[in-house]
Amino acid sequence: PHLHGLNQEYEWRGMIATIFMIFVVLTVGATIFPVLETNRQILIGETAKRGVHYAEEIARINVRALEQKNLDQVDTKFLDHEDGVNRYDLFDLEGRVVSPASRQNSFIDDEFSVMAREWVLKRKGKGNIPVLKKLLSDGEIGIAQAIMAFNPQEGVEEPVGIIALRFTPQSLATEASENTQSYLKALIISTLIAVLIFGVVYFLTLKPLDELQKQIEEVLRGKRKELELSYLMTELNP
C-alpha cells in the first residue's frame, strides 16, 4: 500500500529507477563489505603480530635493566626509526615512564598506556600475562606487553615493566584506500549494469502498453473490431 501511495505522487519510471538504485547499493554493500572486512581483519592480525614482535624485543633487551632499576641501560632506540610506530611508552608498574627520554620520570597520560597498566595489574600473579592487542581509533593498533623478570625470592616470574605501542603501519592506510576504491569501483560498475537492465525492463514493459493504447484508439474509431496484442503480457489480457 505504501508503494501504491507513492505511485500516486511519483511517476512509475522514477519509482522503478529508485528501487533499482536501492537494490544496487544494498547488494554491493551486502556482498563487497564482508569480503573487504575479512581482508581487513586478516591484515590487522598480521600487523598486530609485527607490533607484538616489537614489544617482545623491547621486553627482551630491557628486562635486566628494569629488574635492577637501572634506567640508564634501557634501550628503545630502534623504535624511533620503525615504520608505523606513532607512540610508545615503556613504564614501570606504578605508571612512571622509563622511555622515551623526553617523557622519562613523568607518569603515563595516554589512554592506551593506562589501559595496558590495568590489564597487567589485573593479571599479576596469575602466570604468563598475554599480549594486549586492541584496534584503536583512526586505524591505530595498540599493542601492550608485560616485561617479565625472575624473582629469586619467590621463585616465579613477575612483571617489572610494561611496553605500550601505538602502531599505524603504512599497509593499513594503503589497504583502507584500496578498499574504498574497490567499493566505489563495484558501485559504479553495478550502477551502469543497473541502468542497462532498467532500460531493458522499462522499454519491454512500455511496448505492450503502447500497442494496447494504439489498438484501443483504432477500436474506438471503428478501424478495428477487437484487440489482438502481438506482445505476450498475460496481465493485459482482461
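Visitor: What makes the contact of Arg 103 with Asp 89 a salt bridge?

Guide: A salt bridge requires a side-chain nitrogen of Lys or Arg within 4 Å of a carboxyl oxygen of Asp or Glu. The closest N and O atoms of Arg 103 and Asp 89 are 2.4 Å apart, so the pair meets the definition. Arg 103 lies in the loop between β2 and α3 and Asp 89 in strand β1, so the pair ties together parts 14 residues apart in sequence. Helices (H or I, at least four residues) and strands (E, at least two) are DSSP runs, numbered from the N terminus.

The model is predicted: local features need pLDDT of at least 70, side-chain atom pairs count only at pLDDT 80 or more, and totals for chains, interfaces and linings use all residues. Residues are numbered from 1 along each chain as its sequence is written, and side-chain values use heavy atoms, with hydrogens and water left out.

Visitor: How do you know what class Asp 109 belongs to?

Guide: Its relative accessibility is 62%, so Asp 109 counts as exposed. Its salt-bridge partner is Arg 87, at 3.1 Å, N to O. Arg 87, at 24%, is therefore partly exposed.

Visitor: What makes Arg 224 and Glu 218 a salt bridge?

Guide: Their side chains meet at 3.1 Å, N to O. Arg 224 is partly exposed because its relative accessibility is 27%, and Glu 218 is likewise partly exposed, at 22%.

Methods: Buried < 20%, exposed > 50% of the residue type's maximum accessible area, 1.4 Å probe, protein only.
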